[in-house]
Amino acid sequence: MSAPPAWAHELLLAPAVLALAVVHARRALGLPRALVEAGVLTLYGYALEWIAIRAFRAHDYAGAWHVAPGGVPVAVAAVWASVILCTLTLAARLGLRTAGGRAAAAALVALSLDLLMEPVAVRLGLWRWTPPGAWLGVPLGNFVGWAVIVAGWCLGVERDPCPAPLVRVAARRAVLATASIAALLLVGWAWRAGGVERAAGALTGWIAAAGVWALALFLAGRRRPAAAWPDTLAGRLGRTAGLAPEAALVILVLAFAADAVADGDGALRVVAAMAAAAVGFVSLASGRSAPIT
């Protein structure tokens with residue numbers, strides 16, 4: 001069994017999950033607002049990748065990508081937008097009552113997925129880390145960065161009431177993107193200065209990954225359907241009927257799990273099983289709270 005070619009991730013998988021995220025956002029916010037949210041998030045994903053590559057010089061993208069201006073694949077930026085929109089929806093549907101709780105839950109679900117995506121993508125040659133890190137060749141600092149990127153954005157958008165002019169929304173999102181990327185750089189430089197990556201070993205990676213997946217399963221198990229949806233971006237996404245956000249995350253995790261099985265490495269197959277279980281159970285719990293039309 002062989003893994004699908006790299007172009008399948010770029011030309012099929014990334015557009016499919018972004019389309020699902022935008023379709024749900026359109027139902028919740030209307031088409032203009034949905035396009036603004038998804039568009040700014042895609043630009044955010046592109047900018048943080050471009051800046052991180054030049055600031056840390058720890059990863060770069062292979063030549064297998066067809067559309068990668070400035071060395072950053074547009075498909076990667078699209079996946080960033082999809083994951084953030086979808087995990088924010090799940091966090092609301094799981095009944096997290098505070099903006100901080102929803103931001104933390106969104107980051108937790110995103111990490112549960114990325115623990116699989118990163119090593120599989122490295123095996124497929126979609127990108128590479130220099131030097132390789134403790135988590136199946138991926139630096140642990142990458143996952144710290146993911147937590148900052150997702151949680152920072154989700155917390156920031158929750159500070160805005162949902163009804164707002166589109167120009168104001170776009171402007172505030174641009175400020176939020178700048179602040180989130182600045183936070184990413186500060187945390188990244190502190191991580192390096194502290195020598196945490198050099199001290200981490202494979203066992204540290206497995207313990208951290210197990211902790212993330214255990215917390216995700218705990219989150220799914222303690223689902224508390226919202227008594228009232230807040231009038232924020234998360235609230236509007238959560239209270240809108242439809243399972244497109246859950247479907248997008250399940251498609252992502254199953255696609256990378258299939259790649260892991262095709263790779264044939266036993267450790268990667270264990271990671272695929274754990275990530276699929278965590279993301280799958282959280283998506284199932286979220287779907288049970290989704291409004292029905």
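Ala, Val, Leu, Ile, Met, Phe, Trp, Tyr, Cys and Pro count as nonpolar, Asp, Glu, Lys and Arg as charged, and the others, Gly among them, as polar. The model is predicted, so that local features need pLDDT of at least 70 and side-chain atom pairs count only at pLDDT 80 or more, while totals for chains, interfaces and linings use all residues. Residues are numbered from 1 along each chain as its sequence is written, and side-chain values use heavy atoms, with hydrogens and water left out.

**View 1. The largest pocket holds about 820 Å³ of space.** Among its 44 lining residues, Ala-58, His-59, Trp-129, Gly-141 and Asn-142 are the closest to the centre. On a 1 Å grid over the protein atoms alone, a pocket is an open set of points where a 1.4 Å probe fits, with protein on both sides within 12 Å along at least five of seven lines; lining residues have an atom within 4 Å of a point. Grid points are joined across faces, edges and corners, and a volume is the space filled by probe spheres set on the points. The lining of the largest pocket comprises 28 nonpolar, nine polar and seven charged residues. Helix α5 (residues 140–157) gives the most to this lining, with six residues. Helices (H or I, at least four residues) and strands (E, at least two) are DSSP runs, numbered from the N terminus.

**View 2. The second largest pocket has a volume of about 180 Å³.** Of its 14 lining residues, Leu-140, Phe-143, Val-144, Ala-208 and Val-212 lie nearest the centre. Two or more residues each come from α4 (99–124), α5 and α8 (202–221), and α8 provides the largest share, five residues. Twelve residues of this lining are nonpolar, two are polar and none is charged.

**View 3. Thr-232 lies in the loop between α8 and α9 (233–239).** Thr-232 counts as buried because its relative accessibility is 11%; buried means under 20% relative accessible area, exposed over 50%, and partly exposed in between (1.4 Å probe, protein chains only). The side chains of Thr-232 and Glu-158 are joined by a polar contact of 3.0 Å. Such a contact is a pair of N or O atoms within 3.5 Å; within protein, one must be able to donate a hydrogen and the other to accept it, and residues adjacent in sequence count only if both atoms are side-chain atoms.

**View 4. Pro-131 and Leu-136 are in the loop between β2 (127–129) and α5.** The peptide bond from Thr-130 to Pro-131 is cis, with omega near -5°. Leu-136 has a positive phi of about 50°.
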